[in-house]
Amino acid sequence: MYGRYTQDLGTFAKDEAARLRLQQENGEGGTPQPRRPSELLEYTQGRCAPCRVCALQCQRFLISKVGEDWVFLILLGLVMALVSWAMDFAIATCLQAQKWMYGGLDTNVLLQYLAWVTYPTVLITFSAGFTQILAPQAVGSGIPEMKTILRGVVLKEYLTLKTFVAKVIGLTCALGSGMPLGKEGPFVHIASMCAALLSRFLSLFGGIYKNEARNIEMLAAACAVGVGCCFAAPIGGVLFSIEVTSTFFAVRNYWRGFFAATFSAFIFRVLAVWNKDEGTSGRVGGTGLPPPGPADTPRPAPPETITALFKTRFRLDFPFDLQELPAFAVIGIASGFGGALFVYLNRKIVQFMRRQKTINRFLMKKRLLFPALVTLLISTLTFPPGFGQFMAGQLTQKDTLVTLFDNQTWAKQGVSDEFEYLGILEAWRHPRSNVFVTLVVFILMKFWMSALATTIPVPCGAFMPVFVIGAAFGRLVGESMAAWFPDGIHTDSNTYRIVPGGYAVVGAAALSGAVTHTVSTAVIVFELTGQISHILPVMIAVILANAVAQSLQPSLYDSIIRIKKLPYLPELGWGHHEKYNVRVEDIMVRDIHYVTLNCKYRDLQHVLHSTKMKSLPLVESAESMILLGSIERAQVGALLCHQLSPQRRLQALRQKALAEDGHRLSEASICFQISTEASSGAHAAPRKPLKPALKRVPSSLAETPQGDTADHTGIALKSLFCANTAAEPTE
């Protein structure tokens, strides 16, 4: 209804304007002469005038027929797909450079360690410094700020070009370092900035999206684009953006989000195919390993086409048994506790750094020291020849997810030698321990590393690290089930082996959903893997994880909002629903100092000295008490200082002196008489002539209040002196 009526109103307005114009031309007499619009006059000069006029008319025809929203959303999706692909290419290049440096120094372990540690430290330090210098608003995820902006709060400098550049470059360097950081949250912020910049800088949309409501609609669609082009998951991206950024969602924005996210994801995957990236990284394990069982025969290489980002090949005829559902439920409940613990740990780390005054003061002076130390610690622990050999330290996040989603069983009956590790799967094998120890160490270490790394002042998110940890936990449960039931679960006469990769998918969706308090992570998982066979266990685990996590802790984004003290009213948690009955009058402060329209300087000073409120209410008068708005305390102080500055006082004196120039000619005779009497006397009483002159002050001065008599006396003396000097030639 909204779109149809606004369109009808616009058509009616155009028709009515054309009718009035035609009527006016006919009323002037004669037949109406066709004339060019005034906007086209500047294009009618020069050699290429017809071409420019034709191009402008085609542009207007396209906008009028296609619609502004469609063109805007296409541009938004295209730009974000290009940005996402370029960033992924740069990040992959940085990670490949680190592997090349590490592999080239295999003759010396010390040089390998220095290269492994120095490379990410330099990148993280550069990212922190560049972001801090150019735009400190680019630090962090960006989703908490977008939640606040979509609620109607204006946050300065969060949607500017400087913040966009700082966010893109800083995020590329941060993810290229190999730290356990994510790109999903920052991409929501980047897409929102891209939408704001498009609507601001393109003259095509300059007058359309100045309306605040339309701007909010485009920002809501941009949040969906950010998730959609990050994971190539348009449906999950739209649902995730709705769950994360808004409590109230206008259904009329639904098609905008879906269209822009789908177009962006399509372009993103087409660019990946064009870059020859689909044939290798999109397949399971990146090693070309076929699924087990009768399908062990070699397969030809699949043709290059658009596939899922982490393509899985689980069996479709019998993906899981109903007797495995309790194991999936255990994954969901445990993920709920784990998600709440992750949010709690992340918040406690930030609060600890802020409460320790000595550490906080030292780190404020050395802003780049904290990210460098954290990166040094994490890089040291993940060094492959060192402790990293027990936690697959040499794998990137993408390679880790690919291996965890592998549909082969790594360990049978707890013996790791029964499975032949090939390619990047070799990182999970250790000669002195089995795969269970490696997975447990990986989960425990990555858990606190990710919680610590997300506190670094660089553009980063927490979705992907949590996603990887959840996949590892699900893989651990799946491998345990495969060890307990080595021959699978018997159903009738058929025997189906347990697929640990399915458990990894369930764990990834459950833990990420618990941390973000969303259910749409299930849909994101389906689009990431390209299979919907585990829809029932994924939904069960995600719902149970959300139920547990929401009863214990707020979501990660609400926790960051509380830490940053953003003006956002969060939802009430479980067990606090009786507070919905609390009224505003029960908690409001009634004795508030206010400012009226007719207040004086003394009243303003009294208000400023008697209250410490940052914002002062402005009312019409003390009798009516009609609220007109509010003004910030600092703004009132600045206005008072500006109005009472020495420059303003001198300017006021000059204006009053100039206003008296009209009275000087009439007072010239009086001054002449005074000077004559003074010269005829023998300089007896030089002060007597001042009395009649002071009495003859201008009427404007006589009408002023008595409170300013001292200033007016000085002005009168000054005017008397000026009148005497001006009257000297007359004398």
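User: Which residues of H14 are buried?

Analyst: This is a predicted model. In its helix H14, the buried residues are Phe370, Pro371, Ala372, Val374, Thr375, Ile378 and Ser379. Among the elements that cover them are helix H4 (109-134), helix H12 (325-355), helix H13 (357-365) and helix H16 (435-453).

User: How does one check the length of H14 against what its residues should span?

Analyst: The expected span of a helix is 1.5 Å times one less than its number of residues. H14 holds 13 residues (369-381), so it should span 18 Å; its end C-alpha atoms lie 19 Å apart, which agrees.

User: How many helices and strands are there in the protein chain, and what share of its residues count as buried?

Analyst: The protein chain has 29 helices and 5 strands. It has 731 residues, and 46% of them count as buried. The chain exposes about 39100 Å², and carbon and sulfur atoms supply 62% of that area. Sequence separation can be read from the contacts: of those between residues at least 6 apart in sequence, 74% join residues at least 24 apart.

User: In which sense do E4 and strand E5 pair, and how does E3 run relative to E4?

Analyst: In a regular strand, side chains alternate between the two faces of the sheet. Here, E4 (residues 615-619) is joined to E3 (residues 595-596) by 2 bridges, and these strands run parallel. Thr596 stands opposite Val619 in E4. With E5 (residues 627-632), E4 pairs in the antiparallel sense over 5 bridges. In that pairing Leu618 stands opposite Gly629 of E5.

User: Is Ala510 buried or exposed, and what is it in contact with?

Analyst: A residue counts as buried under 20% relative accessible area. Ala510 is buried, because its relative accessible area is 0%. Ala510 belongs to helix H18 (residues 500-516). Beyond its neighbours within four places in sequence, Ala510 is in contact with Gly332, Ser335, Ala541, Val542 and Ala545. Ala510 and Gly336 are 174 residues apart in sequence, yet 7.4 Å apart in space, C-alpha to C-alpha.

User: How many disulfides does the structure hold?

Analyst: A disulfide requires two cysteine sulfur atoms within 2.5 Å. The structure holds 0 disulfides. Cys94 is in none; the nearest cysteine sulfur, that of Cys173, is 6.6 Å away.

User: Which of the classes, buried or exposed, applies to Cys94 and to Cys641?

Analyst: Cys94 counts as buried because its relative accessibility is 19%. Cys641 counts as exposed because its relative accessibility is 58%.

Methods: Residues numbered from 1 in each chain as written. Predicted model: local features only at pLDDT ≥ 70, side-chain atom pairs only at ≥ 80, totals over all residues. Heavy atoms only, no water. Helix = DSSP H or I, 4+ residues; strand = E, 2+ residues; numbered from the N terminus. Buried < 20%, exposed > 50% of the residue type's maximum accessible area, 1.4 Å probe, protein only. Contact = heavy atoms within 4.5 Å. Pairing = 2+ DSSP bridges. Areas by Shrake-Rupley, 256 points an atom, 1.4 Å probe, with all protein chains shown as cover.
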